[in-house]
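Hi,

Here is the structure I promised to pass on to you. Have a look at it first, and then read on below for what turned up in it.

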Amino acid sequence: MKENSRRVRAFTIIDQNRDGIISKDDLRDVLASMGQLNVKNEELEAMVKEASGPINFTVFLTMFGEKLKGADPEDVILSGFKVLDPEGTGTIKKEFLEELLTTQCDRFSAEEMKNLWAAFPPDVAGNVDYKNICYVITHGEEKEEE
């Protein structure tokens with residue numbers, strides 16, 4: 001999956017009314033679809049005001065890039081996964097990761113799990129390469145096979 005197609009898809013998901021601009025109402029609708037029903041008007045206005053003007057696709061890409069600059073470094077995210085991999089194999093069992101993601105904190109839905117496995121398919125033994133997941137989280141694209 002290419003980086004640009006992911007960003008286009010993300011923009012399309014957020015632009016609920018498909019007018020090419022992400023508005024306060026679009027944000028309210030997409031947050032409601034994720035289960036956040038009581039978001040205050042002031043919070044939505046603050047989100048929209050982070051942009052210098054209407055949030056079209058170009059502005060969205062710029063804002064997205066700026067937010068990623070503040071993301072945890074790859075080694076920090078990798079360290080979190082390594083806690084789940086005491087033998088240092090570089091992989092985690094699919095079933096274990098799925099159980100964690102669907103039962104803890106911000107739980108993944110069945111659709112989100114389906115999307116995760118489509119983007120990061122486990123190998124034939126059911127192992128997930130978490131180093132690749134960390135790379136994509138921090139760099140936004142999959143590593144080329146060496």
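**What was found**

Of the 146 residues in the chain, 27% are buried, where buried means under 20% relative accessible area, exposed means over 50% and partly exposed lies in between (1.4 Å probe, protein chains only). A word on the basis: this is a predicted model, in which local features need pLDDT of at least 70 and side-chain atom pairs count only at pLDDT 80 or more, while totals for chains, interfaces and linings use all residues. Residues are numbered from 1 along each chain as its sequence is written, and side-chain values use heavy atoms, with hydrogens and water left out.

**Overall layout**

The chain holds eight helices and two strands; these are DSSP runs numbered from the N terminus, with helices being H or I of at least four residues and strands E of at least two. In sequence order the pattern reads α-α-α-α-α-β-α-α-β-α. If you take the contacts (heavy atoms within 4.5 Å) between residues at least 6 apart in sequence, 52% of them join residues at least 24 apart.

Arg18 sits between α1 (3-14) and α2, and it has a positive phi of about 55° although it is not a glycine. Its relative accessibility is 52%, so Arg18 counts as exposed. Just after α2 there is another positive phi, of about 95°, at Gly35.

Within α2, the buried residues are Asp26, Leu27, Val30 and Leu31. They lie on the same side of α2 because the arc they cover around the axis is only 125°, the arc being that of the directions from the helix axis to the C-beta atoms. As background, an α-helix has 3.6 residues a turn, so residues three or four places apart point the same way.

How do α2 and α3 meet? The axes of α2 (residues 24-33) and α3 (residues 41-49) come within 9 Å and cross at roughly 115°. Here the axes are lines fitted to C-alpha atoms, for helices over the stretch in contact, and angles run from 0 to 180 degrees between N-to-C directions. The crossing of α2 past α3 is right-handed; the hand is right if the near helix is turned clockwise from the far one by less than a right angle, and left if anticlockwise. On the α2 side the contact involves Lys24, Leu27, Arg28 and Leu31, and on the α3 side Asn41, Leu44, Glu45, Met47 and Val48. By class, these are five nonpolar, one polar and three charged residues, with Ala, Val, Leu, Ile, Met, Phe, Trp, Tyr, Cys and Pro counted as nonpolar, Asp, Glu, Lys and Arg as charged, and the others, Gly among them, as polar.

Lys24 in α2 deserves a line of its own. With 25% relative accessibility, Lys24 counts as partly exposed. Leaving out residues up to four places away in sequence, Lys24 touches Asn41, Leu44, Glu45 and Val48. Its C-alpha atom is separated by 9.6 Å from that of Lys49, which is 25 residues away along the chain.

The buried residues of α5 are Ile77, Leu78 and Phe81. They cover an arc of only 100° around the axis, which puts them on the same side of α5, while Asp75 and Val83 are exposed on the other side. The buried residues of α5 pack against β1 (91-93), α6 and α8.

How many aromatic pairs does a search of the whole structure find? The search finds one. Phe81 and Tyr130 are stacked, 5.4 Å centre to centre with 5° between the planes. For this, rings of Phe, Tyr and Trp (its six-membered ring) pair if their centres lie within 6.5 Å, and planes under 30 degrees apart count as stacked, over 60 as edge-to-face and the rest as tilted. Phe81 lies in α5 (residues 74-83) and Tyr130 in α8 (residues 130-139), so the pair ties together parts that are 49 residues apart in sequence. Both Phe81 and Tyr130 are buried.

Also in α8 is His139, which is partly exposed with a relative accessible area of 41%. His139 and Glu74 are 8.5 Å apart, C-alpha to C-alpha, and 65 residues apart in sequence.

Best wishes
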